[in-house]
Amino acid sequence: MKIIYKIAKAELQSLFFSPIAWLILILYTFQTGMDFAGLVDGVMKGREMGYGVTNGTSRFFGGWDGVLTVVQGYLYLYIPLLTMNLMSRELGSGSIKLLYSSPVTNVQIILGKYLSMLIYALVLVGILVLYVIIGAIIIKNFDYPQVLTGLLGIYFLICAYAAVGLFMSSLTSYQVVAAMLTLAVLAVLNYVKGWWQDIDFVRDITWWLALSGRSDTFVNGLICSEDFIYFLLVITLFLMFAIIKLKAVRQKSSWTVTWGK
């Protein structure tokens, strides 16, 4: 575990030494802040016109246009920029050879890189916690369980995106290509539920494979075992893919054996 922590610490230091991590935090904070401010402004105008708010918690953090609902729609735009450097930088600079020559296993490398993304995901969720604190102050009968469950769903979603991005970053030494591949895979996972809806059997499969909407139940205050298992499967699957790819490069395995695994 100490090696995993050291790799994660080194990755976070490298990440925050670059402007990308800070730029994403600024843009993310600004965008979510504008969303929350727009909701507050809409509620205030509605009250001035004589409209009431039946459930303030759902209005601000759930429903159709709550902060936690809206933030799901653009998270996949930020994660590829974060994950494109994870393994591509090591492969492009040749520093991956130093890791290969050190007593570090493939699993430790991947888990260390992924742990850094888990910590960064906590920072992104922490920004949302600021709006939760403001909501708890201004909303009467604030529903804490619903909002905390919604934050958990957002965290799972970021973790799933990060696992996909880590695997895509291990496929190429070009960071831009890794970002584009991650964006393409996330787009497929988000929009696959709309494909072949006229075929019953295929429709059930594509609907279950879709990543979009998986955190909606969490945002609405429910913890669904199916969605929870789905996130764990996606995270585990793509981390295993990354480990297999790293092992293939380290042991010089043929592409047929690698793809077979």
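This is a predicted model: local features need pLDDT of at least 70, side-chain atom pairs count only at pLDDT 80 or more; totals for chains, interfaces and linings use all residues.
Helix α1 covers residues 2-17 and helix α8 covers residues 106-138. Their axes come within 7 Å and cross at roughly 55°. The two helices are therefore oblique to each other, and α1 passes α8 in a right-handed crossing. On the α1 side, the contact is made by I3, I4, Y5, I7, A8, E11, L12, L15 and F16. On the α8 side, the residues in contact are Q108, I109, L111, G112, K113, L115, S116, M117, I119 and Y120. By class, the contact of α1 with α8 comprises 14 nonpolar, three polar and two charged residues.

Helix α9 takes part in both of the remaining pairs, with α5 and with α10. Helix α5 consists of residues 75-83, and its axis comes within 9 Å of that of α9, with a crossing of roughly 40°. That angle makes α5 oblique to α9. The crossing of these two helices is right-handed. From α5, the residues L75, Y76, I79 and T83 take part in the contact. Their counterparts in α9 are I154, L157, I158, Y161, A162, G165, L166 and S169. Nine nonpolar and three polar residues make up the contact of α5 with α9, and no charged residue is present in it.

Helix α9 spans residues 144-169, and α10 spans residues 175-191. The axes of α9 and α10 lie 9 Å apart, and the helices pack at an angle of about 135°. Accordingly, α9 is oblique to α10. Their crossing is right-handed. In α9, the residues Y161, V164, G165, M168 and S169 meet A178, L181, T182, V185, L186, L189 and N190 of α10. The contact of α9 with α10 has eight nonpolar and four polar residues, and no charged ones. Y161, G165 and S169 of α9 are listed both in the contact with α5 and in the contact with α10.

The second largest pocket of the model has a volume of about 220 Å³. Its lining consists of 15 residues, of which Q72, G73, N190, S212 and G213 are the closest to the centre of the pocket. One of these, N190, is also among the α10 residues that meet α9. Both α9 and α10 contribute to the lining, each supplying at least two residues. By class, the lining of the second largest pocket contains five nonpolar, seven polar and three charged residues.

Definitions and conventions: Residues are numbered from 1 along each chain as its sequence is written. Side-chain values use heavy atoms; hydrogens and water are left out. On a 1 Å grid over the protein atoms alone, a cavity is a set of points where a 1.4 Å probe fits but cannot get out, and a pocket is an open set with protein on both sides within 12 Å along at least five of seven lines; lining residues have an atom within 4 Å of a point. Grid points are joined across faces, edges and corners, and a volume is the space filled by probe spheres set on the points. Helices (H or I, at least four residues) and strands (E, at least two) are DSSP runs, numbered from the N terminus. Ala, Val, Leu, Ile, Met, Phe, Trp, Tyr, Cys and Pro count as nonpolar, Asp, Glu, Lys and Arg as charged, and the others, Gly among them, as polar. Axes are lines fitted to C-alpha atoms, for helices over the stretch in contact, and angles run from 0 to 180 degrees between N-to-C directions. Angles under 35 degrees count as roughly parallel, over 145 as roughly antiparallel, 65 to 115 as roughly perpendicular and the rest as oblique. A crossing is left-handed if the near helix is turned anticlockwise from the far one by less than a right angle, and right-handed if clockwise. Contact means heavy atoms within 4.5 Å.
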